[in-house]
Structures are given as C-alpha cells and as structure tokens.
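Trainee: I would like to learn how to read a few features of a structure, one at a time. Please give the general idea and then the case at hand.

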Amino acid sequence: MYGPKLTTGVINLLLNWGPIMYLVFVPIVMMMLNSNLGGKGVYYTIFLGAALCAAGSLVRMVPTWMGFELHPSAILLLHAGQILNGCAGPSMAGACTAFAACWFSPDERVLATAIAYGICALGPALAFIFAMFVRSTHDLELLLLVEMIS
C-alpha cells in the first residue's frame with residue numbers, strides 16, 4: 001500500500017521502534033513512578049502512555065486519511081507513529097505493578113497485576129488477529145481506526 005519504499009529493511013525498523021524506544025523511555029517512566037507524587041505519579045504515567053499511544057495511532061493514520069500513501073513522507077509518518085507507540089510501551093508496562101501497589105491491598109495485588117498485564121497483552125493479540133483480515137486499503141483504514149479508538 002505504501003509502494004516500493006516499504007522495503008523489508010523499513011518494515012524491520014518499523015517493528016523494532018518499540019524495543020528501541022523502550023530503552024530510551026524507560027528511565028523517564030521510572031522517574032515518574034518513583035517521584036514524590038504518590039498515586040498521581042502512576043496516574044500521570046498511565047495518562048502519558050495513553051496519550052502517546054493515541055498520538056502514535058493518529059500520526060500513522062495521516063497518510064491514509066490524506067491519501068498520500070505513495071509519497072515518501074508517508075513512510076516518515078509511519079516511523080513517527082511507531083516511535084510514539086514505542087514510547088508508550090514502558091508507561092503501560094511499568095504502571096501495572098505500580099497501580100496495583102497503590103490501589104489494592106497486598107493480598108489482591110497479584111490478581112490485579114495479572115489482570116492489568118493480561119489486558120495489555122490482549123490489545124496486540126487482537127490487532128494481530130484482525131490484521132490477518134486486511135485485504136484492501138479500506139480494510140487497513142478500518143483496522144487503524146479501530147486501533148486508534150481503542
């Protein structure tokens with residue numbers, strides 16, 4: 001859909017922005033979670049992760065919405081969206097245990113953490129399943145829209 005510029009190397013880099021940005025962004029998340037804000041630090045971390053994830057999905061949709069999938073800038077926007085989503089990863093992964101520690105009693109923390117991590121894993125699992133049904137530009141637009149909304 002994005003033309004000959006979407007080579008195997010570009011696809012591999014798009015897939016690797018998550019782990020790359022995880023290493024870059026995890027110190028920021030840890031500072032936020034270990035700040036003197038208490039429960040508000042957890043709230044701000046979760047809010048930041050959600051905002052970064054939504055922004056990444058929105059940026060990835062721009063070439064499709066504007067109809068310039070074959071333009072070279074479309075690939076740059078895909079990279080920018082993946083970078084934003086990669087920055088959101090540590091926020092969601094690190095906040096689960098901090099959230100459980102702030103809001104649940106010690107005997108409930110294990111179950112709360114497991115449920116939170118399960119929900120975090122459910123999103124990519126569903127996206128993987130739904131991606132198997134993408135056959136056209138319209139299908140991709142619909143998938144990206146659903147991911148952005150969720």
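This is a predicted model: local features need pLDDT of at least 70, side-chain atom pairs count only at pLDDT 80 or more; totals for chains, interfaces and linings use all residues.

Trainee: Let us start with open space. How much space lies in the largest pocket?

Mentor: Rolling a probe the size of a water molecule over the atoms shows where empty space is left. Here, the largest pocket holds about 1800 Å³.

Trainee: Which residues lie nearest the centre of the largest pocket?

Mentor: Arg60, Asn85, Pro124, Ala127 and Glu147 do, out of 47 residues that line the pocket. By kind, the lining of the largest pocket comprises 36 nonpolar, 9 polar and 2 charged residues.

Trainee: Which helix gives the most to that lining?

Mentor: Helix α4 does, with 12 residues. At least two lining residues come from each of α1 (8–33), α2 (39–66), α3 (72–103), α4 and α5 (137–149).

Trainee: Now the nonpolar core. Which residues of the largest one touch the most other members?

Mentor: In soluble globular proteins, nonpolar side chains tend to be buried together. In this model the largest nonpolar core has 14 residues, and Leu14, Phe25, Leu33, Leu52 and Cys87 touch the most other members. Two or more residues of this core come from each of α1, α2 and α3. The most are given by α1, with 7 residues.

Trainee: Take Leu33 from that list. What does Leu33 touch, not counting residues up to four places away in sequence?

Mentor: Leu33 touches Gly41, Val42, Thr45, Gly94, Ala95 and Ala98 on that count.

Trainee: Last, the rings. How many aromatic pairs does the structure hold?

Mentor: There are 4 aromatic pairs. One of them joins Phe99 and Phe104, with 6.1 Å centre to centre and 75 degrees between the planes, an edge-to-face arrangement. Phe99 is partly exposed at 33% relative accessibility, and Phe104 is partly exposed with a relative accessible area of 30%.

Trainee: Which residues form an aromatic cluster?

Mentor: Tyr43, Tyr44 and Phe47 form one aromatic cluster.

Notes:
Residues are numbered from 1 along each chain as its sequence is written. Side-chain values use heavy atoms; hydrogens and water are left out. On a 1 Å grid over the protein atoms alone, a cavity is a set of points where a 1.4 Å probe fits but cannot get out, and a pocket is an open set with protein on both sides within 12 Å along at least five of seven lines; lining residues have an atom within 4 Å of a point. Grid points are joined across faces, edges and corners, and a volume is the space filled by probe spheres set on the points. Helices (H or I, at least four residues) and strands (E, at least two) are DSSP runs, numbered from the N terminus. Ala, Val, Leu, Ile, Met, Phe, Trp, Tyr, Cys and Pro count as nonpolar, Asp, Glu, Lys and Arg as charged, and the others, Gly among them, as polar. A nonpolar core is a set of buried Ala, Val, Leu, Ile, Met, Phe, Trp, Tyr and Cys residues joined through side-chain atoms within 4.5 Å. Buried means under 20% relative accessible area, exposed over 50%, partly exposed in between (1.4 Å probe, protein chains only). Contact means heavy atoms within 4.5 Å. Rings of Phe, Tyr and Trp (its six-membered ring) pair if their centres lie within 6.5 Å; planes under 30 degrees apart count as stacked, over 60 as edge-to-face and the rest as tilted.
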